[in-house]
Amino acid sequence: MKAAVLLEIKNLIKSFPGITALNNVDLEIREGEVHGVIGENGAGKSTLCNIITGIYQPTKGDIYWEGKKVTFKSPKEALNAGIRMVYQERNLVPSLTGAQNIYLGNEITKKGRIDEKEIMSRVRKLQASLGIDVKVDVPVSKLATAERQLIEIMRALSQKPKLLILDEPTSSIAEKDVQVLFQVIKKIKDEGTGVIFISHKMEEIFSITDRISIFRDGQKVYTGDSSELSEELVIKHMINRDLSQRYPTVIPHAKGKLLETVDLGDGRLLHDINITVKAGEVVGFYGLVGSGRTELAELLFGLTSKKKGAIKLNGEELETLSPSLAIKNGVLLTPEDRKEHGLFDFFDIKKNATIPYVKEKLGGFMGAIKAKEEKTLAQEIAEKLGLVYKNLKQSVTELSGGNKQKIVIGKWLVNENMKLIIMDEPTQGIDVGTKFEIYILIRDLAKMGVGVIFISSELPELLGVCDRLYVFKEGTVVTDLPREKFDREKVLRYAL
Ligand SMILES: Nc1ncnc2c1ncn2[C@@H]1O[C@H](COP(=O)(O)OP(=O)(O)OP(=O)(O)O)[C@@H](O)[C@H]1O
Ligand SMILES: [Mg+2]
């Protein structure tokens, strides 16, 4: 028996000034199905979901919810109908606790006051039923990106939705938590909830979805059963060409020792870290969230300070650390969380892309910037990563998630003084075609003699691109594997 149709979209068009984000889209979501949505950065996936949830209004087309024609004029109306969404851009209030965020806008009151005790007890029950283990009684600003993501998921599930939309829910969580999420999805699906699951991670799409819809340039080009599709076929529909290779050919370029740490520790999580990165070497950091990868990246970049041990660059010990010193030394970091550290919403694309060069290259701060040079530089960055945009004066808030990420990493890639670049989850939210371009860029940097630290929660890409891999666990390195010894199972065993 075919399951009942929950949501039906017919001839949907959404135009923004100068761009058709969705072009004549038909889509049907059934009860109890997990429906994967995949497509390149800027293909229209988030826009589609923002229309379903009433954030945007369609330019044309109809939406039927449980058989009735609807127009959700606000997120509240969609919410009342039973539609919940976990957004691609994080949406928690940093100063509130996890529990308060989960019930935000939906507070339980007792005698006109918010009943914190009752909220906490319901959140604990929710946690137990979902098997999600994360601190809910501290401000979410104190939590790691992955933990915040799990809180967003709990928020979406706090009132049992009929349709749950997950827009790249796993982009910042590691395999262990992905499994937790997948258990949750299976559970609610068995209870009849429909799920829209957007992801750039092919393996995940195939392991969790029943059907897949593929988007290209604002059009839905294919819908079919996941069991009848292959990764190759999905990629082909997505980018309209074959991508014969998912990873570049790795040719070793490692030369002399560039970075070395000796018994390094931060007095908190990190301890006894002894690593080296050679010039021209791509070194991967793998580990579960909370294992210390990002913390070490931040320490090496001078965002936090060391308590023990030493950091040496080209054999010289670095006594004091700070981001500006790091940049002076040619050490760069592309951060993990683009919303918090990567982009300035109030600047346009051009300004965001060229910020690191305002002082040395572009002469003067603000006002006095050499406009022509700035434009050329921004264009170079946009081209390097195939940015999908209208013009350089566009606000970054109008870009699709993946295209924002391209600016976050792209702006560092034209730095001439670069010796070591630390990339924390650089391919997060990036589509397969562009991921491949980034892998090529990483290998090209190595070829030019730059040392690269590549942090990722996606083990396959680390195995595909790196010369060497450090596996982290509980604040320290538990093993160091050269490329010849790369083995997925082995790495996972070390990490767990
Ligand atoms: N508010 C807006 N104003 C103008 N253009 C927009 C706006 N929101 C989205 N767009 C444009 O619509 C297109 C589709 O964007 P959308 O965010 O839906 O892509 P996506 O498929 O979710 O991509 P990604 O994988 O990068 O998240 C892009 O070209 C984007 O720049
Ligand atoms: Mg998106």
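Analyst: Happy to! Here 21 residues surround ligand 1, with Gly42, Lys45, Thr47, Ser400 and Gly402 the closest; a residue is near a molecule if one of its heavy atoms lies within 4 Å of it. This is a predicted model, where local features need pLDDT of at least 70, side-chain atom pairs count only at pLDDT 80 or more, and totals for linings use all residues. Residues are numbered from 1 along each chain as its sequence is written, ligands are numbered from 1 in the order in which they are written, and side-chain values use heavy atoms, leaving out hydrogens and water.

User: Which polar contacts does an oxygen atom of ligand 1 make with the backbone of glycine 42 and glycine 44?

Analyst: A polar contact is a pair of N or O atoms within 3.5 Å. A backbone N or O atom of glycine 42 is 2.8 Å from a ligand 1 oxygen, and for a polar backbone atom of glycine 44 the distance to a ligand oxygen is 2.9 Å. The side chain of asparagine 41 also places an N or O atom 3.0 Å from an oxygen of ligand 1.

User: How much of the accessible area of ligand 1 does the protein cover?

Analyst: Such areas come from the Shrake-Rupley method with a 1.4 Å probe. On its own ligand 1 has 630 Å², and the protein covers 92% of that.

User: What does the shell around ligand 1 contain by class?

Analyst: It has 6 nonpolar, 11 polar and 4 charged residues; Ala, Val, Leu, Ile, Met, Phe, Trp, Tyr, Cys and Pro count as nonpolar, Asp, Glu, Lys and Arg as charged, and the others, Gly among them, as polar.

Technical notes
A polar contact is a pair of N or O atoms within 3.5 Å; within protein, one must be able to donate a hydrogen and the other to accept it, and residues adjacent in sequence count only if both atoms are side-chain atoms.
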